[in-house]
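Dear colleague,

My notes on it follow.

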Amino acid sequence: MPQVIELKSVHRSFGKKTDLADRIATAFGAKSTAHVLKAVDDVDLTIEQGEVLGLVGESGCGKSTLGRLVAGILPHDSGDVLFNGKPMADKTKEKTGAGLGVQMIFQNPAAALDPRQRIVDAITEAPIAHGLIQRSEAHAFAIEALGRVGLREDALDRYPHQFSGGQRQRICIARALAVNPEVVVCDESVASLDVSIQAQIINLFLDLRDSLNLSYLFISHDISVVEHVSDRIAVMYLGQIVEIAPASDLLENPLHPYTQALLSEVPTLDKPLSEEHALEGELPSPLSPPSGCRFHPRCPIAMEECRSLAPQLEPRRTGHRVSCLAVGKEP
Amino acid sequence: MNPTKLLSIQGLRTEFPTPDGPLAAVNGVNLEIARGDVLGIVGESGSGKTVLGLSIMGLVDQPGRVTAGRITFDGTDVTNYSEAQWQGLRGNKVAMIFQDPTTSLNPVQRIGAQMIEAIQAHRDISSDAARQIVREAMVRVGINSPDERLEAYPHQFSGGMRQRVVIATALLNAPDLIIADEPTTALDVTVQAQILRDMRRLCRDTGTALIWISHDLGVVAQIAHRVAVMYAGRIVEQGATEEMLKSPSHPYTVGLMASMPANTPRGQRLASIPGGLPQLSNLPKGCSFAPRCTHATEACEILPDLCFTSANHAVRCVSPLHERGQHATGD
């Protein structure tokens, strides 16, 4: 399978402005502290054509930043983001024709739609601007686009507030698909929906993948959702990918202690939560990540060298890569 | 009459006037809770679960009001309590925990001062003695080195820690009943699991009764002894947690469980409930779920009562499903 998306040691940092206290401290001769948050720190990742890659992690781990880098709506600092082998267009600078191949669907469809724009305009604005369709074709085009996501023609002249949350998310999906993307980045796209509506939208994502041969980067904090839709799953911790494997392999044989803890804490109907915390404490501040392996302060099996030695993401089984010193290589 | 009965609700109806006529967010709810009992209330957005919680606390905002029914707390009818009487009860005998801890805490007051104030509002007690109670409450919810933390402001805490502070505050006056409305929804699974364990232990140790309101059946299954499922303002199914999850009988509960991704093999279409919630101001005549129900017959045009199908299980449906529904695990 050809790779539609390839990330090679991609970095993205955010600077924190020095505030008054810092300036005073520096003026009095204190060493100036670097306020740099490495949101995505040396990430390698590929997405194959027609594949759903799930991305999970706690809030603040950098999964949304990574999604934005893949979608090209946030420039990266270093490394390569390749789309079909070519560098991704920087959508923040180029205006026309830039990176239509990757589209993004966000968590809150109410915020993603212009409240004063009719649905027909929301859907046809981008294809008209990029010359994919003529203005005269817009009406028919919008009907077809809405039909793909299960909405009827009568939606065309209405405004976003006249729809429920689930319908609004369908409109966002129709709009993203209007420019014929090959890859769709879904950032918590079903998180704000009720369970029964969430199921409808997940089904829609699965159907569209089959009919349009789409690839997805599916970002969610909800592991059961990611588990359901993904072919492969990547687990992120403090800006780095700590484990990546085919979905069934990751869920049945998680190797990284963080993945193991994360999976055991998911509440399910059929097994009670253990009495003991699987994971103590919370995500450390990404402004000053721990030395060595970033997970070592919370890790139940941390060894002495984990404090100083940063592990690399290395293959342990077929297609299963883990970044942990304590997990042995299989012969 | 059960001597240990703490809270009893009969025929509770909470209405909001709208241009289309009164809208009953809570529509004839009966509930009973004994001391030490943990009741989970599950429903989708708009099902009335939050308004039910607010009604029990006397916190329904104008122009909404309780128009019918009776709330008896610890043998006293509190339905027509004045605001002053409610203030004596709230935060004292009954406490509420909301979804977003940020809005429950005063951003410009130190944590310790806020908590001491919560005690002194109800008890004539010295600040030193109050501080000691606060310290103990913080340790009980897993906040170590409480003395340091008491001097901090809410913004210096993470989301999970803030929610712990809110829970500790709810515990200060040793309430008989805590109502928690989606207390872990905004938190990561790892932190959610920690808080679920803490709450489970607290209820066991102190005998505090708990009403846990959530949209997530998986979370409720971890903590509740009994579960009530709400739909369009009414309880449609209620029972002992294990029994109900094993043999859900209302088509809505069955549909809800079937649409959870964890209950369906990976990549397969999820069973979703067609349609959406009915307009509360224009409910169908009989069963509110009938328009979305695949089992609906003419008999559903009459509103069924909540009928016991076994000692611990009641269903509001004329033809409840007795089989194990679609909650199959694995096969």
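In which loop of chain A does Ile73(A) lie? The model is a predicted one, and in it Ile73(A) is placed in the loop between helix H2 (63-71) and strand E4 (78-83) of chain A. Its relative accessibility of 31% makes Ile73(A) partly exposed. Leaving aside residues up to four places away in sequence, Ile73(A) touches Arg68(A), Lys91(A), Thr92(A), Met104(A) and Phe106(A). Ser308(A) is 235 residues from Ile73(A) along the chain, and 35 Å separates the C-alpha atoms of the two.

Elsewhere in chain A, Leu20(A), Ile24(A) and Phe28(A) make a nonpolar surface patch of about 370 Å². Phe28(A) belongs to the loop between helix H1 (20-27) and strand E2 (36-48) of chain A, and with a relative accessible area of 74% this residue is exposed.

Turning to charged pairs, the count of salt bridges over all chains is 27.

- Arg269(B) and Asp207(A) form a salt bridge through their side chains, at 2.4 Å from N to O. Arg269(B) lies in the loop between helix H11 (251-258) and strand E11 (307-310) of chain B, while Asp207(A) is in helix H7 (residues 195-212) of chain A, so this pair joins two chains. Asp207(A) is partly exposed, at 33% relative accessibility.
- Arg209(A) and Asp210(A) also form a salt bridge, at 3.8 Å from N to O. Arg209(A) counts as buried, at 17% relative accessibility, whereas Asp210(A) is exposed, with a relative accessible area of 59%.
- Asp121(A) and Arg118(A) meet in a salt bridge at 3.3 Å, N to O. Asp121(A) is partly exposed at 28% relative accessibility, and Arg118(A) is partly exposed at 29%.
- A network of salt bridges links Arg118(A), Asp121(A) and Asp157(A).

Ala130(B), Val134(B), Ala137(B) and Met138(B) are buried in H5(B). Why do they fall on the same side of H5(B)? They do so because they cover an arc of only 100° around the axis. In general, an α-helix has 3.6 residues a turn, so residues three or four places apart point the same way. The buried residues of H5(B) pack against helix H4 (111-120), helix H6 (146-150) and helix H7 (159-171) of chain B. After H5(B) comes Gly142(B), with a positive phi near 85°.

Some backbone features of chain B also deserve mention. Most residues other than glycine have a negative phi, and most peptide bonds are trans. Against that background, the peptide bond joining Gln62(B) and Pro63(B) is cis, with omega about 0°; Pro63(B) sits in the loop between helix H1 (49-56) and strand E4 (65-73) of chain B. Asp74(B), which is not a glycine, has a positive phi near 50°. Asp74(B) is found in the loop between E4 and strand E5 (76-77) of chain B and is partly exposed, at 37% relative accessibility. Ala232(B), again not a glycine, has a positive phi of about 50°. The loop between strand E9 (226-231) and strand E10 (234-240) of chain B holds Ala232(B), which is buried at 0% relative accessibility.

With kind regards

Conventions. Residues numbered from 1 in each chain as written. Chains lettered and ligands numbered in written order. Predicted model: local features only at pLDDT ≥ 70, side-chain atom pairs only at ≥ 80, totals over all residues. Heavy atoms only, no water. Patch = residues over 30% accessible without salt bridge, like charges linked within 9 Å, V, L, I, M, F, W, Y side chains within 5 Å. Areas by Shrake-Rupley, 256 points an atom, 1.4 Å probe, with all protein chains shown as cover. Salt bridge = Lys/Arg side-chain N within 4 Å of Asp/Glu carboxyl O. Helix = DSSP H or I, 4+ residues; strand = E, 2+ residues; numbered from the N terminus. Buried < 20%, exposed > 50% of the residue type's maximum accessible area, 1.4 Å probe, protein only. Arc of directions from axis to C-beta. Contact = heavy atoms within 4.5 Å.
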